[in-house]
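Me: I would like a close look at a single part of this chain and how it sits among its surroundings. Please keep it plain and go step by step.

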Amino acid sequence: MREYLMQLLESTGELTAESILLRLAISVVIGGFIFLSYHLSHSGSIYSRKFNVSLVALTVITTTVMIVIGNNIALSLGMVGALSIVRFRTAIKDSRDTIYIFWAIVVGICCGAGDYLVAGAGSAAVFLVLLLFGRIRNDNRALLVIRSARVNEEKIEALIFQQLSRKAILRVKNTTETSIEFIYELNSKFLNRQNAAGGKTLTDMIYEIGNIEYFNIVMQSDEVSS
């Protein structure tokens with residue numbers, strides 16, 4: 001029994017050079033599809049070419065690790081212990097980036113284990129899903145920041161309610177003895193439709209009240225985090 005266990009732990013699962021090169025080549029090819037998918041589903045400031053290249057490298061590296069481990073249980077346990085001390089603190093700018101990281105790792109595991117069908121079929125399914133839904137964007141929010149004399153408090157609140165109804169949510173209301181500041185939040189699409197409706201814009205209406213120190217519109221997006 002002891003001899004059998006020792007043989008099992010020392011088993012290396014040696015591969016031929018052709019098999020190793022084939023697994024690495026397939027991981028590179030599927031990694032290219034991951035690269036293409038990330039490029040198609042990300043745009044603007046959210047797209048990181050360095051991160052995209054890293055996904056391909058991660059796929060190949062994971063495949064290499066799986067080839068080295070093979071059927072050697074002792075080596076696999078040692079590799080798990082070595083990797084457990086590594087901590088990654090790279091900031092994820094988009095929640096979809098986590099999907100691509102797991103995708104690259106899973107493809108590397110499949111290719112390293114020689115399960116090419118699973119790697120190819122799974123990657124094709126994920127590619128189609130991200131191609132269809134990957135370009136979905138969160139609705140940008142607009143913050144309306146208004147600072148005025150305090151005597152205009154009721155006029156500003158009435159105007160915002162009249163023009164934006166319940167679409168504008170009051171987030172902050174700061175007051176002093178002589179001034180007042182409002183911060184409203186609303187969907188930017190609704191604000192654009194309101195300004196494009198013709199006639200006076202919301203900015204013109206606010207300044208017509210008088211004694212307005214400033215009226216700022218700040219756009220927020222959930223795409224990029226600090």
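Reply: A helix here is a DSSP run of type H or I with at least four residues, and helices are numbered from the N terminus. The model is a predicted one.

Start with the helix itself. α3 covers residues 49–69, which is 21 residues. From its first C-alpha to its last, α3 reaches 30 Å, close to the 30 Å expected at 1.5 Å a residue. After α3 comes Gly-70, with a positive phi near 55°.

Next, burial. The buried residues of α3 are Phe-51, Asn-52, Leu-55, Val-56, Thr-59, Thr-62, Thr-63, Ile-67 and Ile-69. Thr-63 has a relative accessible area of 0%, and because buried means under 20%, Thr-63 counts as buried. Over the protein chain of 226 residues, buried residues make up 32%.

What does Thr-63 touch? Leaving out residues up to four places away in sequence, Thr-63 touches Arg-23, Leu-24, Ser-27, Val-107, Gly-108, Cys-111 and Gly-112. The C-alpha atom of Thr-63 is also 7.9 Å from that of Ala-113, although the two residues are 50 residues apart along the chain. In the protein chain, 75% of the contacts with a separation of 6 or more are between residues 24 or more positions apart.

Helix α2 (residues 17–41) and helix α6 (residues 116–133) have axes that come within 10 Å and cross at roughly 5°. Angles under 35 degrees count as roughly parallel, so α2 and α6 are roughly parallel to each other. The residues of this contact divide into 11 nonpolar, 5 polar and 1 charged.

Now the cores. The largest nonpolar core has 17 residues, and among those touching the most other members are Leu-144, Ile-146 and Ile-206. The elements that give two or more residues to this core are β1, α7, β3, α9 and β4. A second, separate core has 15 residues, including Ile-30, Leu-55, Tyr-100 and Cys-110.

Technical notes: Residues numbered from 1 in each chain as written. Predicted model: local features only at pLDDT ≥ 70, side-chain atom pairs only at ≥ 80, totals over all residues. Heavy atoms only, no water. Expected span 1.5 Å × (residues − 1). Buried < 20%, exposed > 50% of the residue type's maximum accessible area, 1.4 Å probe, protein only. Contact = heavy atoms within 4.5 Å. Core = buried A, V, L, I, M, F, W, Y, C linked by side-chain atoms within 4.5 Å. Axes fitted to C-alpha atoms, helices over the stretch in contact; angles between N-to-C directions. Parallel < 35°, antiparallel > 145°, perpendicular 65-115°, else oblique. Nonpolar A, V, L, I, M, F, W, Y, C, P; charged D, E, K, R; others polar.
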